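This briefing is intended for a reader who is meeting the structure for the first time. Please view the sequence and the model together while reading.

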Amino acid sequence: MAAKRLFCETESILTPPLEKKRPRQTFASIIGEVVMGNSLRHLTKALEPLLRRVVCEEVDRSLMQYSRSLTRASSLRIQALEPSSYQLYFVNNVPSKIFTGSKITDVENQALRIAVEDGGGDLPSLISSSVKVEIVALNGDFPGDKQDWTADEFNANIVKERTGRRPLLHGDMNVTLRHGAATIGDIEFTDNSCWIRSRKFRLGARIVPGSDRNNSPRIREAISEPFVVNDQRGELYKKHYPPMLHDEVWRLEKIGKEGVFHRRLNDHNIKTVQEFLQFFTVDQQKLRTILGMGMSERMWEATTKHAKTCELGQKLYLFRGHNFTLFLNPIYQVVQAVINGRTYTFSELQNIHEGTLKNLRKQAFDNRQWLQDIEGNLSDSLLLLTQGNEESDYNNVMEKSLIISGEAEGRDWDSNSDQIISATFQGNVHYNYFS
């Protein structure tokens, strides 16, 4: 029984299914299909003119709208690119580095000003009367090498504040241009420039959008030179150019505030730029040893070069020793000496043996608490020194004193550098120290 059932199942699987029989058409159904086809054909012919008219009207309307928009865009593009003879510009230059929270001024700490270049012609009446101008922040790499730009390009490069921050520019960003010029009030940056690609900002000035300027020519925007904006706390660590004698020593290049070099110098009571230069003049090698191996030759050169730009002023000091008197500038350079009754002017110091001059200067440095400030004329001081000195020739001293008036130039023969000291002795002593 089981085998027979299996045979029947196999046969049923192998046998293809029977195709469904198509319904049998009658004469009446054929007549109905013909009538229906004729009706659709007649309906299509009747609707065709109407459909053509509707489609043509819609196509024409679309083409007309597109043509108008294309014409308007072309005219605007041509107008935007059309060169203008009028342009805003910054009268003075912005410093290359400014700090957040500080008023933006020019390189001479004066208020910024903007004006309009008239291209050699008269300013339009609207410009010559008054017009509103807005100050904005721009990307530092705009406009690149381009000499001209469109208003859209300018607006696209305006930098806004970072998410969650205060407005990037704060203060009087809107000024009134009167008779073609205006002074910018108090404006400041609230954020640094390290977060944008160029790491720099520019200031820009544009006519306030929406101002009523019908029938007036386009005035191109003003763009300043690029500059870096650092956080306010960076100003506390800023180096001085040039440094002053009373500046703390960390104001010099390569010496960081509270850094290793700063601590080492403080440990040896070298706290100011003046004290650094005094050590440099008297004993360079000792100063180099104090700073240690951590200061490379390149760093040493950068530090000393920066220190030498210091303005020394006109003050002089007098040091009396056994059979000698030295006249020193604020960093212990000898500008004149009286040794064994003979006066050596600045140009004659090279006649003194190098070791002798170095030893005398070292004595003055080691006993600097006995230095005396020189009051009045250097020639008068020399005359006072020679009074009562029987071994000196008064006439010789007088002659030497008169040589002080005039100019002299010589080398600091006790140093290993090529630095030159120029001195002018005329009334009050004046001298410069540079490399």
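The model is predicted. Its largest nonpolar core has 47 residues, and the structure holds ten salt bridges.

**Nonpolar core**
- Ile255, Leu265, Phe276, Leu287, Leu326 and Leu328 are the residues with the most contacts inside the largest core.
- Elements giving two or more residues to this core include helix 5 (260-267), helix 7 (284-291) and strand 14 (324-328).
- Helix 6 gives the most, with six residues.
- The core lies between domain 2 (239-308) and domain 3 (315-381), because both give residues to it.

**Helix 8**
- Helix 8 comprises twelve residues, 297-308, and reaches 16 Å from its first C-alpha to its last.
- Among the buried residues of helix 8 are Trp300, His306 and Lys308.

**Surface patch**
- Val55, Val59 and Leu63 form a nonpolar surface patch with about 270 Å² of accessible area together.
- Leu63 belongs to helix 2 (residues 27-81) and counts as exposed because its relative accessibility is 53%.

**Salt bridges**
- Lys103 pairs with Asp186, their closest N and O atoms being 3.1 Å apart; the two residues lie in separate loops, so the pair ties together parts 83 residues apart in sequence.
- Arg197 meets Asp141 at 2.8 Å, N to O, and this pair links parts of the chain 56 residues apart.
- Arg220 and Asp148 also form a salt bridge, at 2.8 Å; Arg220 is buried, whereas Asp148 is partly exposed.
- Arg162, Arg165 and Asp191 are linked in a network of salt bridges.

Technical notes. Residues are numbered from 1 along each chain as its sequence is written. This is a predicted model: local features need pLDDT of at least 70, side-chain atom pairs count only at pLDDT 80 or more; totals for chains, interfaces and linings use all residues. Side-chain values use heavy atoms; hydrogens and water are left out. Helices (H or I, at least four residues) and strands (E, at least two) are DSSP runs, numbered from the N terminus. The expected span of a helix is 1.5 Å times one less than its number of residues. Buried means under 20% relative accessible area, exposed over 50%, partly exposed in between (1.4 Å probe, protein chains only). Patches are made of residues with over 30% relative accessible area and no salt bridge: like charges are joined within 9 Å, nonpolar side chains (Val, Leu, Ile, Met, Phe, Trp, Tyr) within 5 Å. Accessible areas come from the Shrake-Rupley method with a 1.4 Å probe; for residues, only the protein chains shown count as cover. A salt bridge is a side-chain nitrogen of Lys or Arg within 4 Å of a carboxyl oxygen of Asp or Glu. A nonpolar core is a set of buried Ala, Val, Leu, Ile, Met, Phe, Trp, Tyr and Cys residues joined through side-chain atoms within 4.5 Å. Domain bounds come from an automatic or database domain assignment.
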